[in-house]
Amino acid sequence: MPVTQTAQGPVWHLRSPRARLMLWLGWFALVALTVWCWQIMTRDTIWLFVLDAPAQAADIGARAFPPRWSYVEKLWWPLWDTLNIATLGTMLGVIIAMPVAFMAARNTTPSAMVARPVALFIIVASRSINSLIWALLLVSILGPGLLAGIIAIALRSIGFVGKLLYEAIEETDASQIEAIESTGASRAQLLTYGYWPQIAPAFWGISVFRWDINIRESAVLGLVGAGGLGLQLQASLNVLAWPQVTMILIVILATVVFSEWVSARVRHAII
Amino acid sequence: MTDTAYPRQWRRPPTMIRDPRLRWALYAGALVYLVLAVGTVEVNWLRVWEGLDRGWRFVLGFLQPDFTSRWRDISQGLVESLTMTMTATVAGVIISVPIGIGAARNLAPRPIYYLCRAIIALSRSLQEIIIAILLVAMFGFGPFAGFLTLTFATIGFLSKLLAEDIEDIDEAQAEAIRATGASWGQLVNYAVQPQVMPRLIGLVLYRFDINFRESAVIGIVGAGGIGATLNTAIDRYEYDSAGAVLLIVIAIVMAAEYSSSHIRKWVQ
């Protein structure tokens, strides 16, 4: 019991002196590490530019407003492309993620020694690389265009959907599966009658959630040449047409708000 | 005993949408959209065919990564990324804790609540990469702009989740502390903090992980870090160096995820 005897009587503490010391040392190490990282990071920083930033911000702000509203006419087609990249990419990603998730789930994996680690590695690799990097790679491989964007979105979605889906599969009720199994069902019947009804709400929820995220990501994929709104953004930035940049940002924001609203409605309807 | 035919056949009822008309309308709509969408995707198959060779070289580069010949650039990018991640996460946590408390409906007065929610909405609605473009334009190239970007993005993420956690706390404990005549500060310290701390630590570790992954991206637009190295490697078609960078990123993310799950278990 961390109680110290003082002249005024026993005083109770939450932690023992040793735990307090360890806690203090931990915080000290964290602060020291942060300061050290800060010093390394800012070694090459030109502070003149940083001090100049408010003036720069005011300058850009003054140029960016008012947005060029007429430019929106040129944005409908890129917007359609952006929506297509997100939607088709999500579909492709979900289709690939399904078997990966079943391979990764402990209760459905065909082999825990080979298939499961492979599936888990696919999930981690896909999750740790942002769709923009995938797009960068694919644009240099496949050439600029929508296809690179769609595949980039799909590759990034595999990890996200796969991870959440395999957790949903592992949480399925084993007694229902066993009931179906005891009727002599084949593996395919086991999937459609045992697993699918249990994971369907999670599946649709995850897919719509990922679609919502993909809309945000596909809006900027064009920065590296993968089509959509980002391409216009890059073009406008290159010629420093700030009113157009503002207009594009407004369109992106509106799209994001719309997709978030759709996904919230769908998830609300499912769950 | 009447011989009513025992049903031999059974069809599984549809799992999601019961009304068949609505279901078929949705299927038809999806099909029409799919045809339209696929129809507008222009693919230059000749270019794709030529690119397959490069794709294969990338796969080979991924299998035989070249860590050595660009090691100076890679290590510099890594150091920038890691330091940027660390400082941005710490700065983000310091800023987002008060905002998170302010955005909790059960702790903050209405005007502060709306102000904090507005900050969160602003931070969450813009992509990291767009913020990075703007900040690079203001602060110049380099990891400092990246640090600011990641801090800004961290605020939206952590504050929102922290606020939701605070709103979900067990009110009985807060009531008990309030009944002792505790001030608002004591209420936060003794009733709220012990309930949300384990989850907050988990969220911070998760955000550290995300920040590192994002730091690999914002370098593409000039905000420093490993992304700049990767961008250069891909632009020069040095797929073996690019493969090395990607493998390092994957390894660090895996290590961060593994250690964070351990720390979380230890905290809870």
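1. Helices (H or I, at least four residues) and strands (E, at least two) are DSSP runs, numbered from the N terminus, and the expected span of a helix is 1.5 Å times one less than its number of residues. Helix H5(A), with 12 residues, reaches 15 Å from its first C-alpha to its last, close to the 16 Å expected.

2. This is a predicted model, in which local features need pLDDT of at least 70 and side-chain atom pairs count only at pLDDT 80 or more, while totals for chains, interfaces and linings use all residues. Residues are numbered from 1 along each chain as its sequence is written, and chains are lettered from A and ligands numbered from 1 in the order in which they are written.

3. Chain A has 10 helices and 2 strands; from the N terminus on, its elements run β-β-α-α-α-α-α-α-α-α-α-α. Its radius of gyration (taken over C-alpha atoms) is 26 Å, well over the 18 Å that the globule rule (2.2 Å times the number of residues to the power 0.38) gives for 271 residues, so chain A is more spread out than a compact globule. Its C-alpha atoms fill a box of roughly 75 × 65 × 35 Å along the principal axes.

4. H5(A) is mostly covered, with 12 of its 12 residues buried (20 or more other C-beta atoms, placed from the backbone, within 10 Å of the residue's own). Among these buried residues are A:Trp134 and A:Ala135. The covering elements include H6 and H8 of chain A, together with helices H2 (45–63), H5 (128–139), H8 (184–218) and H9 of chain B. H5(A) is followed by A:Gly143, whose phi is positive, near 90 degrees.

5. A nonpolar core is a set of buried Ala, Val, Leu, Ile, Met, Phe, Trp, Tyr and Cys residues joined through C-beta atoms within 7 Å. In the largest such core, of 135 residues, A:Ala135 and A:Leu165 touch the most other members. H6(A) gives the largest share of this core, 17 residues.

6. The contact between the chains takes 49 residues from chain A and 49 residues from chain B (two residues are in contact if their C-beta atoms, placed from the backbone, lie within 7 Å). On the side of chain A that touches chain B, helices giving two or more residues include H1 (17–41), H5 (131–142) and H10 (242–270). The residues of that side divide into 36 nonpolar (Ala, Val, Leu, Ile, Met, Phe, Trp, Tyr, Cys and Pro), 11 polar (the others, Gly among them) and 2 charged (Asp, Glu, Lys and Arg).
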